[in-house]
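Here are my notes on the helix packing and the core. Please read them with the structure open.

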Amino acid sequence: MPHSAEQLFQQAVNYHQQGQYPQAEDCYRAALTKDPNHINALHLFGVMCYQGGLFEPAEELIQKAIALNPNEAYFYCNLGTVLHQLEKFPESEEALRKA
């Protein structure tokens, strides 16, 4: 098993891309335990939550990624999509405009 947050993140991405979501979730969580501010783990774990219909956790994770780096357009694109699913239309529009 990988040991660093970055190694765990890379393993999570591999599992995520293969559709092995339980394993990906375990690795994302482990990476975030080691580094709660791992921006890419926050973002992609949020994307995976969105893909699984878990919109509230997705919003929270992507918002944390944005708080750490408010200059990534694709974070705002994904946040806008999540907010749309949550029927938070003004917030969704604002996020997409920021993107």
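1. Helix 3 and helix 4 pack with their axes 8 Å apart, at an angle of about 155°. The cut-off for roughly antiparallel is over 145 degrees, so helix 3 runs roughly antiparallel to helix 4. Their crossing is left-handed. Note that this is a predicted model.

2. Which residues make this contact? Helix 3 supplies Ile39, Leu42, His43, Phe45, Gly46, Val47, Cys49 and Tyr50. Helix 4 supplies Phe55, Pro57, Ala58, Leu61, Ile62, Lys64, Ala65 and Leu68. By class, the contact of helix 3 with helix 4 holds 13 nonpolar, 2 polar and 1 charged residues.

3. Now the other partner of helix 3. Helix 3 and helix 5 pack with their axes 11 Å apart, and the angle is about 30°. Angles under 35 degrees count as roughly parallel, so helix 3 is roughly parallel to helix 5. The crossing of helix 3 and helix 5 is left-handed.

4. On the helix 3 side, the contact with helix 5 uses Ile39, Asn40, His43, Val47 and Tyr50. On the helix 5 side, the residues are Tyr74, Phe75, Asn78, Thr81, Val82 and Gln85. The class count for helix 3 with helix 5 is 6 nonpolar, 5 polar and no charged residues.

5. Look at Phe55 next. Phe55 lies in helix 4, which spans residues 55-68. Is Phe55 buried or exposed? Its relative accessible area is 18%, and the limit for buried is under 20%, so Phe55 counts as buried. Leaving out residues up to four places away in sequence, Phe55 touches Tyr50, Val82, Gln85 and Leu86. Phe55 and Cys77 are 22 residues apart in sequence; their C-alpha atoms are 14 Å apart in space.

6. Then the core. The largest nonpolar core has 27 residues, and Tyr28 and Phe45 touch the most other members. The elements that give two or more residues to this core are helix 1 (5-17), helix 2 (21-34), helix 3 (39-51), helix 4 and helix 5 (73-85). Helix 4 gives the most, with 6 residues. In soluble globular proteins, nonpolar side chains tend to be buried together.

7. Last, Phe45. Which residues does Phe45 touch, not counting those up to four places away in sequence? They are Glu25, Tyr28, Arg29, Leu32 and Leu61.

Conventions. Residues are numbered from 1 along each chain as its sequence is written. This is a predicted model: local features need pLDDT of at least 70, side-chain atom pairs count only at pLDDT 80 or more; totals for chains, interfaces and linings use all residues. Side-chain values use heavy atoms; hydrogens and water are left out. Helices (H or I, at least four residues) and strands (E, at least two) are DSSP runs, numbered from the N terminus. Buried means under 20% relative accessible area, exposed over 50%, partly exposed in between (1.4 Å probe, protein chains only). Contact means heavy atoms within 4.5 Å. A nonpolar core is a set of buried Ala, Val, Leu, Ile, Met, Phe, Trp, Tyr and Cys residues joined through side-chain atoms within 4.5 Å. Axes are lines fitted to C-alpha atoms, for helices over the stretch in contact, and angles run from 0 to 180 degrees between N-to-C directions. Angles under 35 degrees count as roughly parallel, over 145 as roughly antiparallel, 65 to 115 as roughly perpendicular and the rest as oblique. A crossing is left-handed if the near helix is turned anticlockwise from the far one by less than a right angle, and right-handed if clockwise. Ala, Val, Leu, Ile, Met, Phe, Trp, Tyr, Cys and Pro count as nonpolar, Asp, Glu, Lys and Arg as charged, and the others, Gly among them, as polar.
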